[in-house]
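This briefing goes through one protein chain, topic by topic. Please keep the sequence and the model in view while reading.

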Amino acid sequence: MVIKNEAVENRVIEAHPRWEGEPMATHGNQTFYTAFSAGNKTYNVGDIFYVRHLEDFERMSFLEIYMLWDMKSLKYMSLRAYYFPEDTVEGRFPEQGQDEVLCLDGEVVMSCPEFLQHVSFTYPESKDLPEPKILSFSGYCRCCAMRQRLGSRLEEFTSHPLFSALGGIQPRYRVLFCRETVHDKELYRLWKCQNYYREVPNKKQTYNRKRIRMKPSCKNRIQYEEIDRKRRFR
């Protein structure tokens, strides 16, 4: 049985999140950032953390920060939640790998202060639990092949430029892979944040796309491209 560390929980609650760096983009009344800090720790988009939910402290999950934004002076974030197959409603199947995790088919939305309450600082900082790294199945295969080929000489090649290009991952990471999503009503209920829930912004809408200027006589893009092609080859 895992026992909660009250000192750690108090330190997390007392830490006030603040944005790091300049805003990445704006959309309406939402301002997007790439990182925030709380206490002496920084949380970046793409980071993955060991997390035990406060209402389900026995079950380990992995939360990946997907998006950070500020709306009406409140700090929100969307995350992707990963679980081992045996911790989901479907259970583990024989064909699933020992390093395989399943991703919830919906994004978890909560405020940054609430995220800090769920994060267990003892697990990422523990020497017994290395930092998690979740890859695609193809990326996981490349990483395992690289580690198997290098064997005991893995540490010697980690600084080589081709190491990362060929799919190598630093030894300090715990490499996992995800290739499937799962719909678990219990986990949906567990991670739904009633007090802070907001609709997840569309990440594609946060950037201004370059529009093609069309002539008034052109009814569509295909007609414009045909006219432009004839003009260039005259």
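What pLDDT does the chain average, and what share of the residues score at least 70? The chain averages a pLDDT of 76, and 72% of the residues score at least 70, where pLDDT is the predictor's confidence in each residue, from 0 to 100. This is a predicted model, in which local features need a pLDDT of at least 70 and side-chain atom pairs count only at pLDDT 80 or more, while totals for chains, interfaces and linings use all residues. Residues are numbered from 1 along each chain as its sequence is written, and side-chain values use heavy atoms, with hydrogens and water left out.

- Over residues 1-13 the pLDDT stays under 50, and the model has 19 contacts for them beyond four places in sequence, a contact meaning heavy atoms within 4.5 Å.
- Residues 193-198 also have a pLDDT that stays under 50, with 11 contacts beyond four places in sequence.

**Strand pairing**
- An open sheet is formed by 3 strands in the order β1-β4-β5 with antiparallel pairing; strands (E, at least two residues) and helices (H or I, at least four) are DSSP runs numbered from the N terminus, and two strands pair if DSSP finds at least two bridges between them.
- β1 (18-19) and β5 (41-44) stand at the edges of this sheet, each with a single partner strand, so one side of each is left without a neighbour in the sheet.
- Strand β4 (residues 35-38) runs antiparallel to β5 and is joined to it by 4 bridges, and S37 stands opposite T42 in β5.
- Strand β2 (residues 25-27) and strand β3 (residues 30-33) are antiparallel and joined by 3 bridges, with Q30 in β3 as the bridge partner of H27.
- The hairpin of β2 and β3 has 2 residues between the strands, and in it G28 takes a positive phi near 65°.
- β3 also pairs with β7 in the antiparallel sense, over 4 bridges, and Y33 stands opposite L68 in β7.

**The largest pocket**
- A pocket here is an open set of points on a 1 Å grid over the protein atoms alone, where a 1.4 Å probe fits, with protein on both sides within 12 Å along at least five of seven lines, and lining residues have an atom within 4 Å of a point.
- The largest pocket has a volume of about 320 Å³, a volume being the space filled by probe spheres set on the points, which are joined across faces, edges and corners.
- Its lining comprises 17 residues, of which D47, I48, E131, P132 and Y173 lie nearest the centre of the pocket.
- Two or more lining residues come from each of β5, β6 (48-53), β11 (131-135) and β12 (173-182), and β11 gives the most, with 5 residues.

**Loop residues**
- K72 is found in the loop between β7 (56-71) and β8 (74-83), and has a positive phi of about 55° although it is not a glycine.
- K72 is exposed, with a relative accessible area of 67%, where exposed means over 50%, buried under 20% and partly exposed in between (1.4 Å probe, protein chains only).
- S73 is placed in the loop between β7 and β8, has a positive phi of about 65° although it is not a glycine, and is exposed at a relative accessible area of 65%.
- H183, in the loop between β12 and α6 (185-191), is partly exposed, with a relative accessible area of 45%.
- H183 and L104 are 79 residues apart in sequence and 6.0 Å apart in space, C-alpha to C-alpha.
- Not counting residues up to four places away in sequence, H183 touches V89, D105 and Y188.
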